[in-house]
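Subject: Structure for your review

Dear colleague,

Please find the structure below, together with its sequence. I would be grateful if you would read the notes with the model open.

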Amino acid sequence: MMPPIVRLLAKRLGTSLIVLVGVSMLIFAIARIIPGDPARIALGPNATAEQITMLRERLHLDDSIAVQYGYFVRDLLRGDLGISLYTNRPVTADIAQFLPATLELIVVAGLMMILIGLPLGIISARYRGSWADNLIRLLTLLGVSAPSFVWAVILMLLFAFFLPLFPIAGRITDSYTIEPVTGFLFIDTLLAGNLSAFADAAWHIVLPAFALALSGIGQAARLTRSNMVETYDKPYIEMAQSYGFPEGKIAWRFAFRPSLIPSLTIIGLDFAAMLGNAFLVEAVFAWPGLSRYGVAVILRKDLNAIVGTVLIISAMFLIVNIVVDLLIAFINPRIRYSQRAT
Amino acid sequence: MKRTLFILLRNPLSVLGLILVGTVVLSAVFADFIAPFPSHRGAVVDFANFNKAPEWPYIFGTDLVGRDLFSRILYAYRISLLLGVVVLAIAVPVGVTIGLVAGYVGGWIEYVLMRITDVFLSIPPLVLALSMMGLLEPTLTNGMLAVTVMWWPWYTRLVYNLTRSEKEEGYVLAAEVIGASRAHMIFREILPNCVPSILTKMTLDLGFVILIASSLSFLGLGVQPPTPDLGSMVADGAKYLPDSWWLTVFPGLAILVAVFGFNLLGDALRDVLGAEQ
């Protein structure tokens, strides 16, 4: 028998693949039903009829949409997403260049969300009804109540202009020249053994990552609190209290652990929101990532690049969700031990 | 009803939510009477008073062509709320019906409907709306369309989960045994029990639609000028930080106040109606 986790992984991979095919159809359909001729949009108003005919032929625009999708899938399976009409390079090369900056931003923001959001939720539930609880609830609700570009602008105004603690924009100070090996500055600076460049990159990422993380911190804290408050009403907590376990241990071992599962689910969803909100934060902080590329190609109606970018972002989202599901399966004894006997 | 109101008014945060939402709604409806410069909603220029810091009669300052920011924010609220109401008026019935059918009928219909929902849920909301707006023309109608397309699946998921748990209840079995039709079961038996959760989510979502719509226009893919919009005001003003701080701070706070108000009110409703998350 397969261990339950392997079976779960296989099932989730299968469903995700079906969903990903659906995503590709959806985004492809949206990209093809736009008003206007994509070839004319791509070539601009000065193109000759001959150039347009040639491009239409190259993009298979005269075939039916089903046939066009067939060509698209064939190329996709070869790892080819077509040429970006904006940069004139393969879309895959563009994505490979811009993705690491966005991933770096999202990973740091995700860590902030977990390391700040969960403890805030735990404190709030542990001291339910106290001033600390009320303050945390108010602040976390404020956190989810503004789009990340508003937080980005406010943080920039406060901590880059009025109190010049952090840099205003960019990933790293221009005077550092780092050989791009992986594209991840945190890794490349370490590979180059340049610790001051590493510190500089870390210093640059604080404000954009925090602006991106704020609504996630709020969501995670609020959900953790409400789940823990529910758990606190269960009889076994009262039993633990009457047994004389220390309150800290009760909060952590008995009240928080069962609440971790719904919290993880919401963290997976917030990650998806971050992939979208990165579009806003990168615009404010001039962060040279995939989202800035995404906005540029959307504004230019660069079909291949739009389809490629959306597909990659959705694939990342599905991967994160599989990881979250596996984590949940791993920490949930009901799944971990289920069907052991069979 | 009286009891509901009593519980609502007992909690100071709920009262704050009511006040904020009331202020936003009233200022949107009566913008024509409140705004000191109603003509500044459009393409007016007043270069004698451009880029002024807040001072009487421009309590929020003026923008780069001399328009009163306070008046423009009031009219921006009107458009945002209109957009929110239209989006929910379409997305909620669609999403709820699909969720009810998938949850109650089951079988291959459930599988197909829920996988389609998954497809929409796996494109980050903002990215889907952005791509649609980029490919269509950026008008108010298309903005509503793009936001609606990303919004309905969330209601499908909520109602689907509620329906599945309601199906286990005794009253459902009882109604089935006396031979109630599927339509009766779905709309007369199960739907009424989902209403508290749907109402709560709708209150919260009015705020979040404003948030998403302002995000679209912040990136230049929402309502186009000269129509006043909170997101594009922040985007235009961000180039002039930190000197002309009022250009970004007031529209930004206007978004925060509206969304915060709807969040407080939604939370209060959840407690009162006992809705599930």
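The notes below cover the chain contacts, the nonpolar core and the annotated spans.

This is a predicted model, in which local features need pLDDT of at least 70 and side-chain atom pairs count only at pLDDT 80 or more, while totals for chains, interfaces and linings use all residues. Residues are numbered from 1 along each chain as its sequence is written, and chains are lettered from A and ligands numbered from 1 in the order in which they are written.

Between the chains, 42 residues of chain A are in contact (C-beta atoms, placed from the backbone, within 7 Å) with 37 residues of chain B. On the chain A side, α11(A) gives the most, with 9 residues.

The largest nonpolar core has 168 residues, and A:Ala152 and B:Ala129 have the most contacts inside it. Such a core is a set of buried Ala, Val, Leu, Ile, Met, Phe, Trp, Tyr and Cys residues joined through C-beta atoms within 7 Å; buried means that 20 or more other C-beta atoms lie within 10 Å of the residue's own. Domain 1 (4-77) and domain 2 (94-299) of chain A, with bounds from an automatic or database domain assignment, both contribute residues, so the core lies between them. The centres of these two domains, taken over C-alpha atoms, are 34 Å apart.

In chain B, the unreviewed UniProt entry annotates residues 79-107 and 142-160, among others, as "transmembrane region"; such annotations may be inferred rather than shown by experiment. Residues 142-160 of chain B are 100% helix (DSSP runs of H or I, at least four residues), with end C-alpha atoms 28 Å apart.

With kind regards

Definitions and conventions:
Buried ≥ 20, exposed ≤ 12 C-beta atoms within 10 Å, placed from the backbone. Helix = DSSP H or I, 4+ residues; strand = E, 2+ residues; numbered from the N terminus. Contact = placed C-beta atoms within 7 Å.
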